[in-house]
Amino acid sequence: MEGYGRSPKHISFTPNGNRRHARMQSISLHDAYVDGAMRALEVVGWAQEIGATDATLFGLSCENLEKRSDAELDALQDGACQFFDMAHDSGLKIHPFGKIDVFADDPKYARLYERLTKLRADT
């Protein structure tokens, strides 16, 4: 960030474009969301390199939860779980926020809810 003074201590971003990425690369939604999760980890790494100590990532709105197909939500869940697992394994501290309990009573989101509640408890 040469010429801009201090580096930011906190960055925020919204991963976007996974469906478009799947179409353009002729890959599955699952692979596109996993690619997106890996890219989000890269962005967090870049933020750390410039001195940021905190990052906020927006994952899913309640409105999108209602509008997305089951296939897309499954793919998103796979990408999110992979992101959480790799971020945790690399020593990043993650504090999930928002309406996590919306996933509590739905067995298809059990993997995601388990990770979110564990991460929340760890922080």
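1. Gln77 and its surroundings. Leaving aside neighbours within four places in sequence, Gln77 is in contact with Lys108, Tyr109, Ala110, Arg111 and Leu112, where contact means heavy atoms within 4.5 Å. Gln77 itself sits in helix H4. Helices here are DSSP runs of H or I with at least four residues, strands are runs of E with at least two, and both are numbered from the N terminus. The relative accessibility of Gln77 is 3%, so this residue counts as buried; buried means under 20% relative accessible area, exposed over 50%, and partly exposed in between, with a 1.4 Å probe and protein chains only. A polar atom of the Gln77 side chain lies 3.2 Å from the backbone nitrogen of Leu112.

2. What the model is. This is a predicted model, in which local features need pLDDT of at least 70 and side-chain atom pairs count only at pLDDT 80 or more, while totals for chains, interfaces and linings use all residues. Residues are numbered from 1 along each chain as its sequence is written, and side-chain values use heavy atoms, with hydrogens and water left out.

3. Overall layout. The chain has five helices and two strands. Along the sequence they come in the pattern β-α-α-β-α-α-α. The C-alpha atoms fill a box of roughly 45 × 40 × 25 Å along the principal axes. For 123 residues, a compact globule would have a radius of gyration near 14 Å, and the 15 Å of this chain agrees with that. The radius is taken over C-alpha atoms, and the globule rule is 2.2 Å times the number of residues to the power 0.38.

4. Burial and surface. Of the 123 residues in the chain, 29% are buried. The chain exposes about 8200 Å², and carbon and sulfur atoms supply 51% of this area. Accessible areas come from the Shrake-Rupley method with a 1.4 Å probe; for residues, only the protein chains shown count as cover. Among contacts with a separation of 6 or more, 69% are between residues 24 or more positions apart.

5. The largest nonpolar core. Which residues touch the most other members of this core? They are Phe83, Phe84, Ile94, Phe103, Leu112 and Leu116, out of 22 residues in the core. Strand S1 (10-13), helix H2 (29-49), helix H4 (70-89) and helix H5 (110-122) are the elements that give two or more residues to this core. H4 gives the most, with six residues. A nonpolar core is a set of buried Ala, Val, Leu, Ile, Met, Phe, Trp, Tyr and Cys residues joined through side-chain atoms within 4.5 Å. In soluble globular proteins, nonpolar side chains tend to be buried together.

6. Aromatic pairs. How many aromatic pairs does a search of the whole structure find? The search finds two. In one, the ring centres of Phe83 and Phe84 are 5.8 Å apart and the planes are at 65°, so the pair is edge-to-face. In the other, the ring centres of Phe103 and Tyr109 are 5.1 Å apart, again with planes at 65°, so this pair is edge-to-face too. Rings of Phe, Tyr and Trp (its six-membered ring) pair if their centres lie within 6.5 Å; planes under 30 degrees apart count as stacked, over 60 as edge-to-face and the rest as tilted. Phe83 counts as buried at 11% relative accessibility, and Phe84 is buried at 14%. Phe103 and Tyr109 are both buried as well.

7. Phe103. Not counting residues up to four places away in sequence, Phe103 touches Leu60, Leu65, Tyr109, Leu112, Tyr113 and Leu116.

8. Glu72. Is Glu72 buried or exposed? With 6% relative accessibility, Glu72 counts as buried. This residue lies in helix H4. The Glu72 side chain makes a polar contact with the side chain of Tyr33 at 2.8 Å. A polar contact is a pair of N or O atoms within 3.5 Å; within protein, one must be able to donate a hydrogen and the other to accept it, and residues adjacent in sequence count only if both atoms are side-chain atoms. Beyond four places in sequence, Glu72 is in contact with Arg19, Leu29 and Tyr33.

9. Leu119. This residue is found in helix H5 and is buried, with a relative accessible area of 7%. Leu119 touches Phe84, His88, Ile94 and Pro96, not counting residues up to four places away in sequence.

10. Ser26. Ser26 is in the loop between helix H1 (18-25) and H2. Its phi is near 55°, a positive value in a residue other than glycine. Most residues other than glycine have a negative phi. Ser26 is exposed, with a relative accessible area of 69%.
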